[in-house]
Amino acid sequence: MVLVFAEAVNGQLKKAALEAVTYGAQTAQLLGSQCVALTLGNIQNAGQLGVYGASKVYNVQGEAFGNFDSQVFASAIAQATEKLGATVVVLSHTSTGKSLLGRLAARLNAGSVAGAKSLPDISGGGFKVTKGVYSGKAIATYDISSPIKLIALAGNEIPLKADGNEVAVETLEIAAPASKVKVLSVKREEGIVPLPEATTVVSAGRGMKGPENWGMVEELAQVMGATTACSRPVADADWRPHHEHVGQTGVAIRPNLYIAIGISGAIQHLAGVNQSKVIVVINKDPEAPFFKAADYGVVGDLFEVVPRLTAAMKKFKAA
Amino acid sequence: MKLLVCVSKTPDTTSKISFTADGTKFNDAGITFIMNPYDEWYALVRACELVEKNGGTVTLINVGGADNDQTIRKGLAIGATDAVRVDAEPKSALFIAKQIAEHAKSQNYDIIFCGKESIDYNGSEVGAMVAEYLDLPFISYASKLDVNGATATVERDIEGGVETVEVNGPFVVSAAKGMAEQRIPNMMGIMKAKSKPFTVVPAVSFPDYAVPVSYTMPKAKTGVKLVAPDNMEELVRLLHEEAKVI
């Protein structure tokens, strides 16, 4: 059986959870097995995971799931794995999934692949999964040899497949330990698609000259339904919030479309965005290294180009 | 305070990555190796700062061969009190975590630090594994860490924001940008490092359950297509019709 832990935030399933279930269902099909989803705490519409391929959806209730603590969540997922006899466990490669993966590997004595990009290849008795390594500069194929296999699926890698039916949510009785961590506050920007999940990202750098000019970036992002991001110097100068910083030391993203405005493209920035499917670079300097990593480029003054692009996008969206 | 910092050795950030002709091994010819930046700049430096303020020791641990000794000495020069190297080829995250947990289980560390991920395998796994082996809380992506008596307050990066947590008693933390500033070892530090305790211990036997068996390079970009700055309708058309991303 393939068990998928479906992540939620504020009681709502994340897109990453739907992707993980889609992946889990396809893996189960390869193995001639079934895919079962697990939710922890109060989750709305958990039954819709059936639409993405879960044949069953289990929920564990418990006050301890109100805030995320890897120790509490990993204990519950490990117990569910053992109780249900799952041999493959799928997580999302989010900040939550990343802190669970290692714990589950240690607890279940299992091999793990963090940030999987492909369905398992089970030919020849192996269990091979690919993932990005060296900050996106290469792809490695891992072979997992333990009886239980753990996979954290990279975001925006698998197209959602919604051809199943909603299923009833069944309660699973599991006692989770109390948390040793006390959450004092959570500050999260509401109403935005978080960067690791975003399919379109509009990002800007020092070429913007100052935070007062960000209105045009936000407008373009709004028209496109994109999430805004920034380069390191911009976050360091407090022009933009820290959580918008993409790059080696910030968030690593992998959207379908990354639009870089006034960012030169230092190797550390590229390390965080080079897994984007399509990259557009807007820069007045034709020698900017970013153009070498771009699919489309516009050499010009961003203060003229960006409003024009926004206008063209508006026209396209209205058509 | 008794602190442990887990460090790994990685290729320099700007390295050009290549593999052996059969695609099974990393080609280390011409590669400069460094201490993994998250382990060094954030985890190790913050641990040293805490001990300089509150007293105590910072032990540095690495799993690897003798060619890692130079990296470990740098950690001692930055300010670690002593170092342990587990003598083994680190092939999988769980193997590495097992070695660290074996060392730590009898040592009663107050905080075990690691970087948020290594810049080679980008797994972010070892810290969580060590925490599970030792049955400790794990606080990942910490950008700020303060200790007041037995209580630690930690800010951690979450998707689209920041979470502040409090923890009493020992825990494992993974360090992200913001926790400390990079520190360049000075001559005094480098001299002192030479006489600091540095032990090499054998590894405990443990299997490798998940190992890379081959590598490929991602498809290279075919070259940038330039669009005139006064023709953004054309860029929109290309993104829609050719790239199919809008």
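His269(A) touches Ser231(A), Arg232(A), Gly247(A) and Ile263(A), leaving aside residues up to four places away in sequence; contact here means C-beta atoms, placed from the backbone, within 7 Å. This is a predicted model, where local features need pLDDT of at least 70, side-chain atom pairs count only at pLDDT 80 or more, and totals for chains, interfaces and linings use all residues. Residues are numbered from 1 along each chain as its sequence is written, while chains are lettered from A and ligands numbered from 1 in the order written.

His269(A) sits in helix H6 (residues 267-273) of chain A. Helices are DSSP runs of H or I with at least four residues, strands are E runs of at least two, and both are numbered from the N terminus. His269(A) is buried, because 26 other C-beta atoms lie within 10 Å; the cut-off for buried is 20 or more. Its C-alpha atom is 8.8 Å from that of Gly250(A), 19 residues away along the chain.

Now the interface. In chain B, 65 residues contact 76 residues of chain A. The chain B side has 39 nonpolar, 15 polar and 11 charged residues. Nonpolar covers Ala, Val, Leu, Ile, Met, Phe, Trp, Tyr, Cys and Pro; charged covers Asp, Glu, Lys and Arg; the others, Gly among them, are polar.

Strands cross the boundary too. Strand E17 (residues 296-299) of chain A and E13(B) run parallel, joined by two bridges; DSSP must find at least two for strands to pair. Tyr296(A) stands opposite Lys225(B) in E13(B).

Note on methods: Buried ≥ 20, exposed ≤ 12 C-beta atoms within 10 Å, placed from the backbone. Contact = placed C-beta atoms within 7 Å.
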